[in-house]
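Subject: Structure for you to look at, with notes

Dear colleague,

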Amino acid sequence: MATTPPRWQEKAAAKRQAIFEAIPAQWRIQERLPSDDEQPDVTGKYIQQYLTDREIEITECDALSITERTTTGAWTALEVTEAFCHRAAIAHQLVNCLLEIFFDQAITSAKALDAYFAEHKKPLGPLHGLPVSLKDQFHIKGVETTIGYVGWIGTFEGQRKLETSARTHESELVRELRNLGAVLFCKTSVPTTLMAAETANNIVGYTWNPTNRHLSAGGSSGGEGALIALRGSPAGFGTDIGGSIRLPATFNGIFGLRPSAGRMPYEGAANTMDGQNCMLSVVGPMATTARSLKLLFKAVLLQEPWYHDPLALQLPWREAVEQQAARDRLCFGIMYDDGKVQPHPPVKRALALVRRLLEAQGHRVIEWNPPSHQTAFDIAMQIFHLDGRADIQAHLALSGEEQRAECFLQPSEPQNAMQIAALNIQKRQYQKEYLVYWNSTAALTGTGRPVDALICSTCPYAAFLPGQYKHGDTPFVNVLDYPAVVFPVTYADRVVDKAERPDVFLSEMDEVIQSQYDCDVAHGAPVGLQLVGRRLEDEKVLALVEYVGRLLQKDTQST
């Protein structure tokens, strides 16, 4: 007798089909899709084959270039929105990157923006006509939010605690983006529970890396990273509590900002372990260029989110902080490993390349020897386990689905008030120790100032096979609450980045991770790094990354 599948599987399958059916029939790929082996890389010319020349022209532009046209009337919001909706639809069919599709709503919004421009002869705001995608934590009127939980399907569970009607509620960021003239058109996939470095859920399945569909797109903002990498969105917003913006940005070859807490509004968004405030998750932009991050960040600040989000800081964009990046002579710290794991050859090469380019411009680069990042990692992991997984277990129980293997949370005992207080003290002491170290570098920089920023990897990998992620160096940023921007540097190359067995391993984990490296598997995968600044120096790190990006672009063009 055949075993009847659990009901949650039927519910997930129905939702998955509904997402597909939200794609207009004319945008559904009719022919058999090639397998991952037949066509691992679906970026560039591959996805372009499904688009018109005009759609390619529009969607290959970055967010700033688009707004230069939509805010002046050179392009209509409607034609831009339709182009990105089409490309996003194709992207989803190739890599499973979307959880919610509401193209009809987006088209209606675009038409309204065009009517506004025709009547008033000016844009609604600085993002007029710009399509913006959102990680599936943000509530939009009439659109579900599941954050990957099957039990949230059809229930508006994430909005249930809100005083307003669940189906009409919108997150603060959504309200502000609408005021700025942005067009919201889709929400991107996340790992169930959000607590994973790779993106997979029981609704749409695994989100694949567009440059190599054998590899992961990262997590937890992996759907966002994959969609933007395929130019299915010019820019969007993710969230980051331990690397969830920076890892997908790294693996997908795009830019991503993890801002200081309180700079971007989080009010009214769904979250895992909502109410945990030992280490806050933050909202940040993701885009194809550094200047696009700046565009979105500045635009949201114009909405003065501190008057609507009780945790937002009253801190508008500060030109003076941005100008600190324009000094003739800068000094950067560079960290080649975190003391526990050495990076793979492509990441080592990226670090060496960035150092060479900075020094060629007369800037100084010194080696970074900070307080142990393992201490920060341990603090972060304790914070992630404060409730003993009670929150995620309750939401999984709504449908009966089990915790997926990608989620790194393990069974643990919930912590009491005294234990949480002790952890907060430990975190504060670590922050102070790191602050003292950063200040001490003034004796080494030659500028009379401490280092302007730190450059390091986010993890040892260029990209990884599903299930192989074991270590990263992103949580220290969250523990310190420092701003950090990921920027793409290069691509893994099987010829240049041959496997090298280190003479000495830093740890047992290092030996395991070094054994994972396969130059043929990594070949072609994006390689990114992160640039980290001091707390609340968000403007400065954005300017520095834009500068480093120009150096990298010039170097690429000259070789």
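This is a predicted model: local features need pLDDT of at least 70, side-chain atom pairs count only at pLDDT 80 or more; totals for chains, interfaces and linings use all residues.

Residues are numbered from 1 along each chain as its sequence is written, and side-chain values use heavy atoms, with hydrogens and water left out.

The annotated positions

The UniProt record, an unreviewed entry, gives "active site" for Lys135, Ser220 and Ser244; such positions are in the numbering used here, the feature names are shortened, and annotations may be inferred rather than shown by experiment. These residues are spread over 110 residues of sequence, yet they cluster in space, with a largest C-alpha distance of 10.7 Å.

Lys135 lies in strand β2, where helices (H or I, at least four residues) and strands (E, at least two) are DSSP runs numbered from the N terminus. Its relative accessibility is 0%, so Lys135 counts as buried; here buried means under 20% relative accessible area, exposed means over 50%, and partly exposed is in between, with a 1.4 Å probe and protein chains only. Apart from neighbours within four places in sequence, Lys135 is in contact with residues including Ser220, Glu224 and Ser244, contact meaning heavy atoms within 4.5 Å.

Ser220 belongs to the loop between β7 (212-216) and α8 (222-229), and at 1% relative accessibility Ser220 is buried as well. Ser244 is in the loop between β8 and α9 and is buried too, with a relative accessible area of 8%. The side chains of Ser244 and Ser220 are joined by a polar contact of 2.9 Å; this term means a pair of N or O atoms within 3.5 Å, where within protein one must be able to donate a hydrogen and the other to accept it, and residues adjacent in sequence count only if both atoms are side-chain atoms.

Ile241, found in the loop between β8 and α9 (246-252), is buried at 14% relative accessibility, and its contacts beyond four places in sequence include Met195, Phe384 and Asn478.

The strands around β3

In strand β3 (residues 183-188), six of the six residues are buried. Strand β1 (residues 98-101) pairs with β3 in the antiparallel sense over three bridges, whereas β2 (residues 131-135) runs parallel to β3 and is joined to β3 by four bridges; two strands are taken to pair if DSSP finds at least two bridges between them. Lys187 in β3 stands opposite Glu100 and also opposite Leu134.

A loop residue and a helix

Asn202, in the loop between β4 (200-201) and β5 (205-206), is buried with a relative accessible area of 17%. Its side chain makes a polar contact of 2.8 Å with the side chain of Glu401, and another of 2.7 Å joins Asn202 to the side chain of Arg404.

In helix α4 (residues 63-70), the buried residues are Ala63, Ser65, Ile66, Thr67 and Thr70, and these pack against α3 (53-59), α5 (77-95), α6 (103-120), β8 (235-240) and α10 (290-302).

The aromatic rings

Rings of Phe, Tyr and Trp (its six-membered ring) pair if their centres lie within 6.5 Å, and planes under 30 degrees apart count as stacked, over 60 as edge-to-face and the rest as tilted. By this rule the count comes to 18 aromatic pairs. One of them is the tilted pair of Trp306 and Tyr307, with 6.3 Å from centre to centre and 55° between the planes; Trp306 is buried at 13% relative accessibility, whereas Tyr307 is exposed at 55%. Ring pairs also link Trp368, Tyr430, Tyr434, Tyr437, Trp438, Phe476 and Tyr482 into a cluster.

With kind regards
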